[in-house]
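Subject: Structure handover

Hello,

Here is the structure for you to take over. My notes on it follow below.

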Amino acid sequence: MSPQNSLPPRTRIKICGLTREEDVDAAVAAGADAVGLVMYEASPRYVTAERAAELARRLPPFVTPVLLFVNAPTATILAACAHIPSALLQFHGDETPETCLQAGRPFMRAARIPLGGHTAADPGGSEGRFDLVKYAEDFKAAQAILLDAHVEGYGGGGKTFNWSLLPPSVNAHLVLSGGLTPANVIDGILQVRPRCKTLAVDVSSGVEVSKGIKSADKINQFVAAVRAADEQLAKTQTHHVRLPPT
């Protein structure tokens, strides 16, 4: 095997909670793979399905719009999908595996990870530590499991959880979220990527100047930090590659 073939895949990037055209354009220009549009009315980043469609129409090919829902009726989800046929869905509430499948669309499922890694009554159904391995198995139909901090309400609230307490091996594609910034995303990637099939990252408040208002400079800094993490991982991987005998 050559060093090139053994390199880890690049970390894909989602910029979430977009509400303005200029922020969509900034995310695309920086190299984001996906943009998140919040369909949850209680969120300060909420946009209507019609507004989400306007923003999604600015996206070039191969940049994915993601619609974020929290305990929404299936009819509401289907109506939003009709406006944005290319959208990936993200479920961030108390949805069951069966509920997530009802829309008939590819989806991600958010896992709400306790800030300290433990909780008295976690959504994984066990007492004590959140059982991410079981959660990933329960939602095995999901395209990925998104890891967010478990705070009051829904969404991570800009908080990070203890990445080191995640299981050493999770049979799923993971998306690291919750309090990521240009300053800490490198550490997050280095800690979490070895634990899963592939890793992506999702940022919202960490690239904002205020809720729902993004900073092009912060988006660029975040993307640059992610690429720096990828370079570190590639160097480490290449350093340990054993070339076949000639």
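Where does Lys14 lie? Lys14 belongs to strand β1. (Helices, H or I of at least four residues, and strands, E of at least two, are DSSP runs numbered from the N terminus.)

Two points on the source first. This is a predicted model, in which local features need pLDDT of at least 70 and side-chain atom pairs count only at pLDDT 80 or more, while totals for chains, interfaces and linings use all residues. Residues are numbered from 1 along each chain as its sequence is written, and side-chain values use heavy atoms, with hydrogens and water left out.

Overall picture

The chain has eight helices and twelve strands. Of its 246 residues, 49% count as buried. (Buried means under 20% relative accessible area, exposed over 50%, and partly exposed in between, with a 1.4 Å probe and protein chains only.) Take the contacts between residues at least 6 apart in sequence: 64% of them join residues at least 24 apart. (Contact means heavy atoms within 4.5 Å.)

Lys14 counts as buried because its relative accessible area is 5%. Its side chain makes a polar contact of 2.6 Å with the side chain of Asp202. (A polar contact is a pair of N or O atoms within 3.5 Å; within protein, one must be able to donate a hydrogen and the other to accept it, and residues adjacent in sequence count only if both atoms are side-chain atoms.) Beyond its neighbours within four places in sequence, Lys14 is in contact with Ala34, Gly36, Val66, Gln90, Met108, Val201, Asp202 and Val203.

Val201 is in strand β10. Val201 is buried too, at a relative accessible area of 0%. Lys14 and Val201 are 187 residues apart in sequence, yet their C-alpha atoms are 6.2 Å apart in space. Neighbours within four places aside, the contacts of Val201 include Ile13, Lys14, Val175, Leu180, Phe222 and Val226.

The second largest pocket

How much space lies in the second largest pocket? About 450 Å³. Of the 20 residues that line this pocket, Arg12, Met108, Gln143, Val175 and Ala200 are the closest to its centre. Two or more lining residues come from each of β1 (12-15), β3 (64-69), β9 (174-176) and β10 (199-203). By class, the lining has twelve nonpolar, four polar and four charged residues.

The terms are as follows. On a 1 Å grid over the protein atoms alone, a pocket is an open set of points where a 1.4 Å probe fits, with protein on both sides within 12 Å along at least five of seven lines; lining residues have an atom within 4 Å of a point. Grid points are joined across faces, edges and corners, and the volume is the space filled by probe spheres set on the points. Ala, Val, Leu, Ile, Met, Phe, Trp, Tyr, Cys and Pro count as nonpolar, Asp, Glu, Lys and Arg as charged, and the others, Gly among them, as polar.

Nonpolar cores

The largest nonpolar core has 66 residues, and Leu37, Leu67 and Ile145 have the most contacts inside it. Helix α8 (residues 216-239) gives the most to this core, with seven residues. Another core, of nine residues, lies apart from it; Ala34, Ala110, Ala144 and Val175 are among them. (A nonpolar core is a set of buried Ala, Val, Leu, Ile, Met, Phe, Trp, Tyr and Cys residues joined through side-chain atoms within 4.5 Å.) Leaving out residues up to four places away, Leu37 touches Leu18, Val47, Ala52, Leu55, Ala56, Pro65, Val66, Leu67, Leu68 and Ile84.

Phe62 sits in the loop between α3 (49-56) and β3. Phe62 has a positive phi of about 75° although it is not a glycine. Phe62 is exposed, with a relative accessible area of 81%. Asn71, in the loop between β3 and α4 (74-83), also has a positive phi, near 55°. Asn71 is partly exposed at 38%.

Asn184 is in the loop between β9 and α7 (185-192). Asn184 counts as buried, at 18%. Residues up to four places away aside, Asn184 touches Thr160, Trp163 and Gly179.

Ala49 is in helix α3 and is buried at 17% relative accessibility. Past four places in sequence, Ala49 is in contact with Met39, Ala80 and His83. The C-alpha atoms of Ala49 and Met39 are separated by 7.1 Å.

Best wishes
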